[in-house]
Amino acid sequence: MTALLVWLRRLRVMTVKELLQFSRDGALILFMVYAFTFDIYLAGSGVHFELKSAATVIHDSDRSSASRELIDQFRPPSFRIEGTIERGAEGTRLLDEGKAMVVLDIPPRFQESLLSGAPTDLQIRVDASNSVLGLFAANFCSRIAESFGFQAGLKRLGVAPDRVKYLPRVRNAYRVWFNPNQNDTWFMSIAELLNIITLFAILLPACAMVREKERGTVEQLLVTPLTSFQIMFPKVLAMAAVILAGTTMSLFGVLRYCFHVPFRGSILLFYAVTLLYVFTTAGLGLVISTLARNLGQAGMMAIITYGPMIFLSGAWSPPEAMPRFIRTMMLLSPLHYYIDASYGVLLKGAGINLLWRSILGMGALGGTLFTLGVWRMRRQFE
Amino acid sequence: MVAEGLGPQPAVRLRAFTKNYGRLRAVCGVDLDVDREEIFGLIGPDGAGKSSLMKAVAGVMSFEGGSLEVFGTRIDSEKSAESVKERLGFMPQGLGQNLYPDLSVDENIDFFSRSRLVPAKEAAERKKGLLEMTRLTPFRARPMKNLSGGMKQKLGLVCTLIHEPGLVILDEPTTGLDPVSRRDFWTTLSVLLREKKITALVSTAYMDEASRFHRLSLFYGGRAVAQGSPDEIMAAVPGALVVCKTERQSETLAGLKKSFSDVQVRGSWLRVFVKGADEQEAVGRVGQVVGEGVAELRSAPAELEDIFIALLREKGLVVESSRGVSDMTDSAMPARIEEEGRGGADIEARNLVRDFGGFRAVDGVSFRVERGEIFGLLGANGAGKSTAIKMLVGLLPPTAGTGYVAGRSMLQAPRAIRERIGYMSQVFSLYTDLTVVENIRLYAGIYGLDRGRSRQRTDWILEMTELAGHEDQRTESLPMGVRQRLALGCALVHGPRILFLDEPTSGVDPIGRRRFWDILFRLSRNELVTILITTHYMGEAEHCDHLALMHGGKIVADASPGEMKRRLANETGGLLEVKTDRAAEAMEALREAGFQGVSIHGRQIHLLAPDREAAEHRIRKVLAEKNIALIAVSQQPVTMEDVFVHHVMAMEANGGKSR
């Protein structure tokens with residue numbers, strides 16, 4: 001009984017100590033408030049994955065009514081006609097200089113071929129250095145060309161526009177679920193919140209630990225009866241409390257108040273999942289802290305691990321699109337589970353019955369990392 | 001290089017010199033003259049303003065008030081500072097701080113001579129000469145990082161002297177060096193400076209190095225408290241030192257403290273500085289207070305530290321502690337002493353060995369510390385003291401050997417040991433962003449004290465550290481000496497019976513150090529706390545009941561300080577001080593004549609000789625041959641430094657040299 005009391009007392013004083021130290025670090029608090037509010041607001045309102053006013057240049061070698069009809073399809077808001085050029089090489093130059101995003105080349109005798117029924121080509125060059133936007137533009141262009149060709153074909157067959165409906169066609173009607181307006185703001189702000197949580201969950205415990213190493217206070221702790229666990233766990237506990245406070249600020253101050261994100265599932269479940277995720281990721285931070293000798297090194301290592309964690313999380317591209325071995329490696333990124341779980345709770349209203357796999361994965365990963373950190377704790381000094 | 005007949009101006013002249021860092025006054029209103037070709041010393045604790053002053057003289061830092069002249073040139077702008085820079089050499093604080101660790105000895109020197117635009121031919125000649133004199137020639141190809149501390153400092157000196165400056169400024173060149181290297185450094189410096197007619201401004205934190213200077217200035221809190229030759233400063237406060245030995249040390253100490261302001265415990269001795277009295281009168285007055293039952297009572301030569309503290313008192317720079325040390329006792333302690341009994345060894349090291357890669361930091365160290373004893377591990381930086389302590393407290397596993405703390409094996413029961421000891425590490429190990437009371441409560445909680453006990457211990461620590469009223473102050477704003485007391489308090493929060501202190505007083509001013517030792521003394525005598533302490537201050541070693549001297553990872557001697565000195569005196573005879581008109585040459589001559597332990601102290605030579613009369617006769621003869629006038633020969637007490645140097649030399653002569 002008394003042993004348990006002493007154990008709890010130790011845990012308490014160490015956690016209180018971490019919170020006190022955090023509260024005295026004005027610069028860090030400022031950075032956290034910024035990251036959990038303004039940064040997420042920026043991500044939600046500023047970044048849009050939509051094709052808007054793509055600079056388009058036309059190289060029309062036909063100058064016919066058909067070519068003009070086609071050009072007319074490239075209209076705002078997706079496209080913005082920047083002008084016409086006389087030679088194809090000029091298009092290449094504009095693409096190189098980044099002055100044009102799309103170059104449309106219409107070959108000579110375009111109309112003639114259409115009318116005579118001979119196949120004709122159309123060249124569309126797209127700057128895909130921003131791959132997402134490039135892909136959008138290419139898709140859009142090919143849709144335009146397709147429907148233009150379809151219409152031209154109908155005309156050639158002599159089908160009157162009002163009789164089109166009698167043609168056999170597969171109708172493509174889709175419903176968007178979970179985010180019916182396909183609102184990027186929701187997706188982006190949640191994604192940024194998860195990124196920020198990840199960043200702080202790695203950095204805060206790692207830095208708290210490394211700072212003790214740098215100042216030599218850890219030596220004093222190591223000669224007290226504290227176990228490695230008692231030295232490390234309070235840091236995670238304190239930092240988890242700090243991160244949950246930041247998350248609350250973000251959830252209600254930004255996501256709900258500014259962006260009206262619907263919280264479809266149980267917010268409590270989201271907090272529980274976040275807490276588990278913070279523990280898992282903090283374990284990684286603690287492993288880093290046992291390898292780093294100073295704050296600079298800890299920061300570098302955090303950045304090095306932060307990158308792959310995000311790539312392997314499925315935040316930027318769906319897991320199904322990745323090569324097989326990378327998909328296997330994704331099982332090692334705690335963020336992968338967390339993204340599943342948090343989109344599930346926040347947007348889909350999923351309950352624990354759907355998320356148990358993610359929760360289990362996170363728990364297993366976190367337990368392993370934390371054990372590794374505790375195991376390294378004393379050994380790193382020997 | 002020094003132009004003769006350039007005029008009578010001193011090498012450096014400071015008037016009302018003031019340097020501020022923001023609102024902090026580092027140096028305020030110092031007047032100082034450094035004459036040509038003298039070694040001028042600045043002595044004072046960390047933060048006294050020595051470095052600031054030296055950096056300003058070296059032209060690498062601006063200052064706020066007063067005037068500064070270097071070789072007659074007034075330094076008031078960056079341009080004027082540049083104009084004298086080629087006549088200056090500056091060696092910053094820290095071992096090898098101005099050197100490049102990955103470059104060899106040769107490459108370091110070449111870099112300095114090239115950057116100072118010394119013509120190649122001259123540079124080669126000077127390099128050869130300097131390397132010879134510093135005995136670094138065999139190590140020319142060795143990277144600087146692989147040199148010992150002493151060699152690094154000598155190389156730093158060579159690099160500083162390669163452009164033959166008229167004035168060298170050396171900031172704490174000997175801090176952290178072992179006594180042998182320190183002696184060697186001073187000797188080399190004295191000879192070089194004399195030969196090249198160079199002036200030197202040198203700082204040190206060691207009071208016992210005062211005798212190395214021609215003239216010196218005592219620094220405290222940004223002020224020069226006293227200035228003059230060592231003799232002049234010793235005479236600045238008239239008075240006499242009385243030492244006594246008694247059975248009832250604690251009671252006698254309390255009694256003496258009521259009547260005298262300057263009472264100190266040093267091992268088994270009590271030292272009283274009686275101001276304004278001559279020797280006889282002082283002995284009489286102290287005798288009256290201590291009364292009967294005194295084993296020994298006599299006068300002794302005062303040390304610079306006694307004078308320093310008396311001077312600070314005179315100027316009102318010491319805040320007197322409001323209460324005597326011995327009236328603070330923790331009620332729980334005596335009860336526990338009853339329970340656990342007295343006697344027996346509390347700490348024991350058996351053949352401890354620790355390797356770091358291919359380097360053996362601790363090499364077969366064994367010692368025993370009895371209950372209630374203050375045991376000192378004395379040695380230079382890198383001698384293996386901290387490593388030995390870290391193994392005993394369980395921070396480092398030993399490569400071989402074992403140890404027992406509080407009757408438990410350090411290999412089998414490290415956690416049980418950790419619950420029973422207090423430990424204070426080399427660096428300040430409290431949280432600077434927490435307040436005094438938050439730090440104490442943290443450690444109280446860590447050791448599992450309940451609320452009532454925690455409150456009781458907090459009060460006790462605040463009282464002991466004299467920090468009552470500063471509970472809510474952040475520890476970063478506390479002065480060095482107070483911080484160390486607080487760290488000691490936190491190490492004592494759970495009332496451990498064994499204390500490990502790793503260089504707790506390094507960088508603390510003499511008054512802070514005395515207070516710290518007062519507390520240790522009381523813990524040891526009243527509460528039977530066993531204390532293992534490491535230090536590189538030779539003077540502090542005398543506070544210990546028992547001493548082990550460490551050098552190169554080995555223990556070279558193990559006895560009480562008094563015993564060590566007595567043995568040295570018996571083995572080699574007493575210490576003779578020779579006063580001549582040309583000290584550097586006299587030293588060479590006496591060394592050649594085969595005298596032992598010859599070293600230079602400012603204008604005096606120290607040497608060890610068994611028979612004073614015969615030795616004096618021989619000294620006269622040797623010096624007369626060289627046409628050096630002998631002013632006086634006198635007997636001096638052997639110091640801890642002499643003991644240390646003697647043991648190390650003996651060990652190295654026996655081929656026990658480890659690096």
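Strand E23 (residues 546-551) of chain B is joined to E24(B) by five bridges, and the two run antiparallel. Within this pair, His551(B) has Lys554(B) of E24(B) as its bridge partner. The model is predicted, so to speak of local features pLDDT of at least 70 is needed, while side-chain atom pairs count only at pLDDT 80 or more and totals for chains, interfaces and linings use all residues. Residues are numbered from 1 along each chain as its sequence is written, with chains lettered from A and ligands numbered from 1 in the order in which they are written.

E23 and E24 belong to an open sheet of six strands with mixed pairing, ordered E20-E21-E22-E17-E23-E24 in chain B. Strands here are DSSP runs of E with at least two residues, helices runs of H or I with at least four, both numbered from the N terminus; two strands pair if DSSP finds at least two bridges between them. Strands E20 (421-424) and E24 (554-559) of chain B are at the edges with a single partner strand each, so one side of each has no neighbour in the sheet.

An automatic or database domain assignment divides chain B into domain 1 (12-231), domain 2 (237-324), domain 3 (332-559) and domain 4 (563-653). The C-alpha centres of domains 1 and 3 of chain B are 35 Å apart. Across chains, 22 residues of chain B are in contact with 20 residues of chain A, contact meaning C-beta atoms, placed from the backbone, within 7 Å. H14(B) gives the largest share of this side of chain B, five residues.

Terms used. Two residues are in contact if their C-beta atoms, placed from the backbone, lie within 7 Å.
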